[in-house]
Amino acid sequence: MSDKIAVEMQAVFARYGLTDFILKNINFKVLQNDFYFLTGESGAGKTTLLKLIYLHLKATQGKLKLFGNDIANVSRADLPFFKRKIGIVFQDYRLINHLSAFENVALPL
């Protein structure tokens, strides 16, 4: 069985506005059903990298592929389909107190 690629970045650069690049020439692949750790010093670009993957930010340049699809060629209407396939647990999670754990997880679905 061949491994399917969930995320692929090729020569990705990212910055906020006109600032210096936060990420420069990032290249990697994430295989489906594998488990990865992202570590690094504060300010290294970990959050920016994740924001690119879950489509909160758009890369300044380079290619981002999710599940074999070049995101640059995906219509705006189809982006929510990709966002639903990516699960993110935020470090500063915000649960709604009056909902159960199940209801909190089900809310965005």
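**Briefing: a predicted α/β protein model**

Ile88, Phe90, Tyr93 and Leu95 make a nonpolar surface patch of about 420 Å², where a patch is made of residues with over 30% relative accessible area and no salt bridge, with nonpolar side chains (Val, Leu, Ile, Met, Phe, Trp, Tyr) joined within 5 Å and like charges within 9 Å. A salt bridge here is a side-chain nitrogen of Lys or Arg within 4 Å of a carboxyl oxygen of Asp or Glu. The model is predicted, with local features needing pLDDT of at least 70 and side-chain atom pairs counting only at pLDDT 80 or more, while totals for chains, interfaces and linings use all residues. Residues are numbered from 1 along each chain as its sequence is written, and side-chain values use heavy atoms, with hydrogens and water left out.

**Fold and extent**

- The protein has three helices and four strands, which follow the order β-β-α-β-β-α-α from the N terminus; helices (H or I, at least four residues) and strands (E, at least two) are DSSP runs, numbered from the N terminus.
- Taken along the principal axes, the box filled by the C-alpha atoms is roughly 45 × 40 × 30 Å.
- Of the contacts (heavy atoms within 4.5 Å) between residues at least 6 apart in sequence, 49% join residues at least 24 apart.

**Surface and charge**

- The protein exposes about 8700 Å², of which carbon and sulfur atoms supply 54%; accessible areas come from the Shrake-Rupley method with a 1.4 Å probe, and for residues only the protein chains shown count as cover.
- Buried residues make up 22% of the 109 residues, with buried meaning under 20% relative accessible area, exposed over 50%, and partly exposed in between (1.4 Å probe, protein chains only).
- There are 14 positive and 9 negative side chains, and the centres of the two sets lie 6 Å apart; Lys and Arg count as positive and Asp and Glu as negative, without His or the chain ends, and each charge is placed at NZ of Lys, CZ of Arg, CG of Asp or CD of Glu.

**Loop residues**

- Phe90, one of the patch residues, lies in the loop between helix H2 (79-84) and helix H3 (101-106), and counts as partly exposed because its relative accessibility is 41%.
- Asn33, in the loop between strand E2 (23-31) and helix H1 (46-53), has a positive phi near 70° and counts as exposed because its relative accessibility is 81%.
- Leu55, in the loop between H1 and strand E3 (61-66), has a positive phi near 65°, and counts as buried because its relative accessibility is 13%.
- Most residues other than glycine have a negative phi.
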